Amino acid sequence: MKPFADHFSAVARSYAAARPTYPPALFDFLATLAPGRHHAWDCAAGSGQATLELAARFEAVTATDASAAQLQQAPPHPRVQYRVATAERSGLPDGSTDLVTVAQAVHWLDLDQFYAEVRRVLVPEGITAIWCYGLQRVGDRRIDSTLEHFYGDTLGPYWAPERRLVETGYRTLPFPFKELPTPVFDMALEWSLRELTDYLRTWSATERFRRERGHDPVDTLEGELASAWGAPGARRRVHWPLSLRVGRRRMPV
């Protein structure tokens, strides 16, 4: 089994506060595809960025993550059970799950073993959905070019190889399910500069840079962005490209 690479426990609190949320329409779409609304498994749930939206649509949600620190930051909900578990060994019963989701995390998993676990826990015709989001855009050339330089040049050597899978929108990943067409979902939030830089501090490459170099690269970036951003409290619309793959469990013939 691929060893658990713990990129986010050290920033669990800020991760929970600063990571973007997903559009409700995404979860409406997934719920309509699921053969039932009895149980959803939010795998590699982190601090619950997708979990509560699932709980609004399913009778029960199991949210698992290998990081106890991440799950400790997740908001409680009466229909959600949070449990420390790896993606490859969920502990769920056979044929117990209508929908399995992995938000911004499948690139960290042992795919062969995870997919085997998904096939085991899904009900007949159950749905699997994986998605990720890439580099954000603000729509201002000065800001976006500064952010591109920070992502590719400042942090370039500190990204794990798995990040390449996010950059391709998971299109290069094997996906052994009956793949279904998906609409395009808009992922956007109105953020201040502080909210944006708080988010950048939760990147795995930023954390690795801090550990190895002994200082926070976002401090310098924040000064570079300030003049282009405008008033410190000004809010700008931040967009992320959301890449989604959805499949139905293939039944034996």
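Which hand does the crossing of helix 6 and helix 10 have? I looked this up in a predicted model. The crossing is right-handed.

**Entry 1: helix 6 with helix 10**

I took helix 6 as residues 141–154 and checked its axis against that of helix 10; the two come within 9 Å and cross at roughly 165 degrees. Angles over 145 degrees count as roughly antiparallel, so helix 6 is roughly antiparallel to helix 10. I then listed the residues in contact. From helix 6 I noted Arg142, Ile143, Thr146, Leu147, Phe150 and Thr154. On the helix 10 side I noted Pro217, Val218, Leu221, Glu224, Leu225, Ala228 and Trp229. Sorted by class, this contact has 9 nonpolar, 2 polar and 2 charged residues.

**Entry 2: helix 8 with helix 10**

I next looked up helix 8, residues 193–200, against helix 10, residues 217–229. Their axes come within 11 Å and cross at roughly 150 degrees. That angle makes helix 8 roughly antiparallel to helix 10. I recorded this crossing as right-handed. Helix 8 contributes Leu193, Arg194, Leu196, Thr197 and Leu200. These meet Val218, Leu221, Glu222, Leu225, Ala226 and Trp229 in helix 10. The residues of this contact divide into 8 nonpolar, 1 polar and 2 charged.

Key:
Residues are numbered from 1 along each chain as its sequence is written. This is a predicted model: local features need pLDDT of at least 70, side-chain atom pairs count only at pLDDT 80 or more; totals for chains, interfaces and linings use all residues. Side-chain values use heavy atoms; hydrogens and water are left out. Axes are lines fitted to C-alpha atoms, for helices over the stretch in contact, and angles run from 0 to 180 degrees between N-to-C directions. Helices (H or I, at least four residues) and strands (E, at least two) are DSSP runs, numbered from the N terminus. Angles under 35 degrees count as roughly parallel, over 145 as roughly antiparallel, 65 to 115 as roughly perpendicular and the rest as oblique. A crossing is left-handed if the near helix is turned anticlockwise from the far one by less than a right angle, and right-handed if clockwise. Contact means heavy atoms within 4.5 Å. Ala, Val, Leu, Ile, Met, Phe, Trp, Tyr, Cys and Pro count as nonpolar, Asp, Glu, Lys and Arg as charged, and the others, Gly among them, as polar.
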